[in-house]
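Student: I've got a model open on my screen and I'd like to talk through some of its helices, strands and charged pairs. Can we go at it one question at a time?

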Amino acid sequence: MGNVKDLISISTLPSILTKEGFLDVKLSYLGGLWVLLEFNSESIKDKALCHIGVNSWFNALQTATNDFVSDERVVWVDIEGIPMHVWSRDTFMKIGKKWGEAVDMEESHDSSFARKRLCVKTKLSYNILEGFKVISKGKVFMVRAKELFTWTPQFRAHKPDEYVSDDEPPIGDTNTHVEPLSSDDEVAGDSDGEGVSETNFGDKPLSPPKSVHKDSSKADDQHSADPFGLYDQLYRPINDRTIDEDPLLSHPLGFTPEVSQQEKYYTSSHIKEKCNDHGDKADRSPIVHPRVMNFSQESNVNESSSGASSIKCPRNTGKGGSILEVLDEMIRVGQSMGYDMEGCSKDIERIIALQETKMENISHMDVKFMWGNSNYHFVSSDSAGNSGGILCVWEDSMFKKDSVSVSDNFIALFGTWLPNNTKVLIVTIYAPQSRVLKRTLWEYISLMISRWHGESIVLGVFNEVWTEEERFGSLFNRASARDFNSFISSAGLVEIKSEGYSYTWSHPSVTKMSKLDRFLVSKGIISNFSAIMAVCLDRHLSDHRPILLKEIHTDFGSSPFRLYHSWFKWEGFDAMVEQAWNSFSHSDPNRLIRFKKKLQDLKKTIRIWIKDKKALQSGAKRVIIEDLAAIDKRLDRGAISDEVLIKRMELTRKLNDIKQSDATEFTQKAKVQWVIEGDENSRFFHGLINKKRSQLSIRGVFVDGDWITNSKAVKDAFRDHFASRYKKPVDSRLKLNIQFPNRLSSKQVEILDNGVSRAEIRDAVWGCGVNKSPGPDGFTFEFFRQYWNFLSTDFCEAVESFFVNGAFPKGNNASFITFIPKVMEAKFVTDFRPISFIGSVYKVVTKILTNRLSMVISDLVSDSQSAFVANRQILDGTFILNEILAWCKKKKKQALIFKADFAKAYDSVRWDYLLDVLQAFGFGPNWCKWISGIFTSAMASVLINESPTFEFLFFCGLKQGDPLAPFLFILVMESLHIFVSKAVNEGVFKGLQIHESVSISHLFLDSGVSRAEIRDGSLWSRVIKAIYGASLGSHSVKSFSPWSSILRETQVLSGKGFDFLSHTKKRVGNGLNTKFWLDHWILDSPLRVRFPRMFSLERDKHVLVADKWRSSDFKASFRREIRGRVEHQQWIDLLSILGTVTLSPSNDRWICELNGDGIFRVKDIRGIIDDLYLPSSNEATRWIKCVPIKINVFAWQARLDRLPTRCNLLSRGVEIESLNCPICGQSPEDARHTFFNTIWPKLCFVGYVGGGTSSGWI
C-alpha cells in the first residue's frame, strides 16, 4: 500500500504504473491518500517496493497489513452562508483549514451563490456538522458546514496510444480544424499546459515567473510570462551600443555577440599563448553569421593543466544552484540499470549535455567531479540568475571541436567524430516556453543545420511534443506542435527511438507528464550507427528523466533462411535449383513430410551456392573496377581505339549487372519500389533498411517493472506471453442450443466437400502474393511460380495429401509470429500487434478453402456484417451509423448507441466453438475435418529482430495473416448476430425503427475505404431510402450527413461538366429490384422518358421488371387499350426493345458505364476529372532507359516545373526570405532561370561540348 504525494494523482495511478513498467495492477482506495496495490506475484511486489520510479510518486510505499486504518479522511463538505463580496477561492481554502486541508472545490457552472461544496482532507474522526462565524468588513456572518459523503476516486484505465504513421512525421490530427490566432502576441501568450519554467528538484516548489516590464502595462499585455528571464536578457543594454540586424542570418534569441575590448585582448593573447594548435579552426567552421563565429572565437577561454577547456558567455547574473547531486544520482541510476556510466560510457555516449544547470559559473573541479577523470573538454552557457544554463562535456579522444556557438537557449558544437572521422554538428537545446520564441529558435537551428556540411545531432529539452499522445493530463497545442514538426521535417531530422519510460518530465503533483526531452539526428547518423538507441533512465531528485544515447549491438541469434528474387537473375541459379531438386530422394510415405524435407535440403544447397557466388562476384567486381581504372588512364593519355572502347562498354555492362542485382536485393529488404522513390543507389536503400531496422527493432521490453535488454530474456518474455495467450482453454464452455436460420443447401455442401484438383491448386498458388514475407520454409510464391514446371508435382502431391488425410503431420504446420508496433514507442509486449508468417503449403491449403467459402458465405451471413463478404462494402456499417446519428439529431429521437470492442478477437476464438458453429450452418463432414486439420499440431515461434524463439503449441485462436481467418471469424460473429436478434425478438431490448421496413438493432463495423453508391437490397440502400425517400432527386443535400456530402460533391462535379449519375445504370438480372418505367436499366434513359404515352397508360407507375415479365401481356396493366397512331408506334418500338431482354437468376445491380466490365472504380473517375481540369500537353513523356531512373524523374519534374525552386515553394505557402536566385541574386529562381540563365549550367554545357556556346549545344 502507498501514500501518494498528491490526491489528484490517485485517479491516474493505472496510467502512471503502466508507464513505470507495471501492468495489471489492481488498485483499491483505503482512505486519505492511501491506496492498496495488488500485484500478480510476490516478486513483482518486491520490485515495485524498491523501484525508484514508482517510489517517486509516493510519500511512503510499504507492504500492506490487515489491521491498517487510515488516520485521514477525504470528504465533501457543503458550505452555506458565505456573503457575495467574499465569495472567492481563497475564502473557501481558508475555511477548509478549519478541519485540515482543502484539496478541491466543486466548480459549479450555474449562478448560485447559496452554497459551495468543498473537498477536505481531515484527520477528524467525527462527521463535520457545525456553524461558525465569518467576519468581513466589521460584519459577522453565520456560516453552516455539513459533511456530505466520503470522496471516492475513479481509477482511469490506461489507454494505449495508437500508432499514427510509418514514415511520415506525426503532427497530431491535421484534419482537425484549428481556430486561427489573431496575432503573434496572442500566440506568444499560449501555453502547452506544463511549460516548464525551471527544473524542480525534490519537493521544492516552483518559483513564480519574474516580472519583466514593471513600468509598462502595455508591455505586460503583449508578452507572455517569462519564466526563463529571457526578456531580461533580450532587452538588457550591451555596452550601450546598438547592433544592426543582418538579414543573412540573425543571431538567435538571447545570443550575446559583442564582448569588451579588454576581453578581446585577453582572449586573443590567451589563445596565441596556449591555443596555437587550434589556430586554423576558424577556417574550417561552417558558413554562418560572422557575429556568431566571432563570438565563438572571442569568448573567454580557460585552459587548465589537464587540458580541458571551457568557453563561456560573459554575463552579470545572480548566483545559481548546484546540479552535482543530480549528476551523481543519474550516474548511480544508470549503473543500477546495467549501463556502463564510467566517463558516461564507452562510445557514442561519451558526450554529456545538461540543460538548466542553474549555475552562473561552472568550474573544472565541478566537471571533473562528475566526469571522473581529466580526459575531457566542456562548454557551458551560464544561467541567468537561478534559471537556465547549459553544460556540454565530451571526451577529447572521441570528439574534436572545431568551433562552437553559445546562446542562452542552445550550444552548438561543430567538430569531428574521431572513431569514423565524420563531421558532426551537436546542438544542445533548452527551449523557451513561448511559442514565438520557440519558433524563432527552430528557424535558426534549421538554418544552421542546412548550412552545415555533415551530420547533425540535436538533443535536449525542447519543451514541445510531436503528438497528443506525448502529453498526459495537460492540453495539447496543435499549432505549436505543427511548428515543431515543421522544424524537424525542414531540418531533415529523425527521432531516435526511445527505450524505457514513455515520459521524460512530470509535474511535482504527478498530474501532468510529457515527453519534452529527445534526440533528433540526421539520417546519416542512423546509417553510421545502425544500432543507435535512446534510453530513458529513472528519475530521482529531478522532475526530468535523464536520457542516454547509446549504440548497442545485441546478438539475438541467427536469422532463418530467406530467398531473394535477385538470385533468379544470377547465371547458373536456375540450373542449380532444378538439378538439386531432382537429385533429392526421400522415401517417407507422407507426401507432406517428403516435400518438407526436399525444401530443407534445397535450402542447404542454395546457402552454399549463394555464399560461393557472392565471393566470386565480389572478386569479379573488384577486377572490373581495376580494369576500368586502367582503361580510363589509357584514355586520359589519348590512347583511344575501338577495341578499348568496346572493352570498356562490356566492363561497364557487367558492373551495372552486378549493381542491379545488389540493388534488387536491397529493394526487397527495404520494401520500396524504385519508380516511387526515384532512386537506384545502394546508399539510399541502405539508409532505408537501417532506418526501418532502427524503428522496428526490439531492443528491450518492460517485464514486471524491469526494463529487460538481455536478448534471451527479451525472447523468453515474448514467447511466454504468446504461449499463454494461445494456451489450452478451460474445458467448460457454453453449448449452442439454437437453430441457425441460414444453412447451406445440399448442393453447396457437395461443392465444398469435393476433392481438390491440380488446376485449383495452381490457381491458389497464382492467387498468393509473389513478394510477401515467407514463412518458416523461407520460399516466396515467386519461387514456386518460377520453377513450377519441375516443382508442381511434389507441391500438388503435398497439398493433396492434406485433403486426403485431413490433417498436417507434426512439424508441417509451423509459423512465425512477427510484430507491428501499435504505438510509436512500444515498450510492453502488449504494445505489439502479432502477424503470422505461414508456410507455403499451409497458405495454399487455406487459400483453396477461402476461395470455396467466399462463394457461399453471403448466403449465411446477415447484412449487418459488411466486411470480407462479396458485393458488400466494408464501410457500410460505419456509414449507416453516421446516417442514423444525423437522423436522430434531426428528428430529435432518443436512442442509446452502445459500442463494444473485441479485445484480441482473433486470439480468443475457441476451436471447438468454431466447429459447433460450422455444424450449425450445415457444413459437411469433409469441410469440418479440414478446418479441424489446419488447427492440428499448429506450432509457432516468435521472431525477435529476425531471430526465432523456441516453438510453442497453439490451442486456440486464428492466425493474423491466414487468408481463411477473416471468413471463419465472420461465421463466429454471425452466431453473435443470431443471439442478439433473438434477444430483440423476445423483447429484451428493441432496435431503432427508422421506417416501417427498416429497424436497426446492431451493426458489425470494420475499417476500410470509401463509399459512394447505393445498391438495391443492401442494408445501406434500405437505410438511405428509409431516411431520404425512394427517389434520388428528392434527397436533401443540406443535411450534415455522409450521404448528403456525397450528393453535394456530385452536384459540384456536375456543375463543372461531369455528371457522374449519367454514367450509372441498372443491369437487370431477375428484375426483382428494378422499376420498369422509372429506373435507368435499358437504353440511355428511363422508359418513361423514351415512351411517355405508354407511361401515361400504366396504372402501376412503380411496377417492377419481374412483374411485367410474369404477366401474360406487357399491356395487361394499362388502364385502357392503345389508340391512335402515335401510341401504336411507341408500343411497336417498346416491344422491339424488350424483345432483346432476357432475365437471369442473378440479382439486379448497378453498373458504371465508364469501363467495359461495369465495375465502379475510383481510378476511372479520377482519370476523367483529371482530363477535364488538369492541363495537358501534346508532347509525350519519353523515358530513357540508359540513364538512371532518378535522372528521368528529375527531368520529368523539371519539364513540368515541379522542382522545389523558390518560386514554386512560395506558391505552395512556404515562407521564403527572398525569391531571388542565391547564385546571381538578380532574378527570381524558377526552373528556366536555374537551368538556362545562371552561370553554372552554361559552364557545364560548354565543358560538355568542348567549347562553343550553350545555345548551340541545346
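Student: At what angle do α12 and α13 pack?

Tutor: Keep in mind that this is a predicted model. The axes of the two helices, α12 and α13, lie 9 Å apart. Angles under 35 degrees count as roughly parallel, so α12 is roughly parallel to α13. The packing angle itself is about 5°.

Student: How do the residues of that contact between α12 and α13 divide into nonpolar, polar and charged?

Tutor: On the α12 side you'll find R435, K438, R439, W442, I445 and S446. From α13 come A479, S480, D483, F484, F487 and S490. Sorted by type, the tally is five nonpolar, three polar and four charged.

Student: Which strands of the sheet does α12 touch?

Tutor: Start with the sheet, an open one of six strands in the order β15-β16-β17-β18-β24-β20, with mixed pairing. Its edge strands are β15 (399-406) and β20 (493-495). Helix α12 (residues 435-450) packs on this sheet, and its direction makes about 175° with that of β17. The strands it touches are β16, β17, β18 and β20.

Student: And α13, at what angle does that helix run to β24?

Tutor: Helix α13 covers residues 478-490 and lies across β20 and β24. Its angle to β24 is about 30°.

Student: Which residue meets R518 in a salt bridge, at 2.9 Å from N to O?

Tutor: R518 sits in strand β24, and its partner is 48 residues away, in the loop between β18 and β19. The partner of R518 is E470.

Student: How many salt bridges does a search of the whole structure find?

Tutor: Another one to look at is D588 with K597, their closest N and O atoms being 3.2 Å apart. K597 is partly exposed, at 31% relative accessibility. For the whole structure, the search finds 34.

Definitions and conventions
Residues numbered from 1 in each chain as written. Predicted model: local features only at pLDDT ≥ 70, side-chain atom pairs only at ≥ 80, totals over all residues. Heavy atoms only, no water. Pairing = 2+ DSSP bridges. Helix = DSSP H or I, 4+ residues; strand = E, 2+ residues; numbered from the N terminus. Contact = heavy atoms within 4.5 Å. Axes fitted to C-alpha atoms, helices over the stretch in contact; angles between N-to-C directions. Parallel < 35°, antiparallel > 145°, perpendicular 65-115°, else oblique. Nonpolar A, V, L, I, M, F, W, Y, C, P; charged D, E, K, R; others polar. Salt bridge = Lys/Arg side-chain N within 4 Å of Asp/Glu carboxyl O. Buried < 20%, exposed > 50% of the residue type's maximum accessible area, 1.4 Å probe, protein only.
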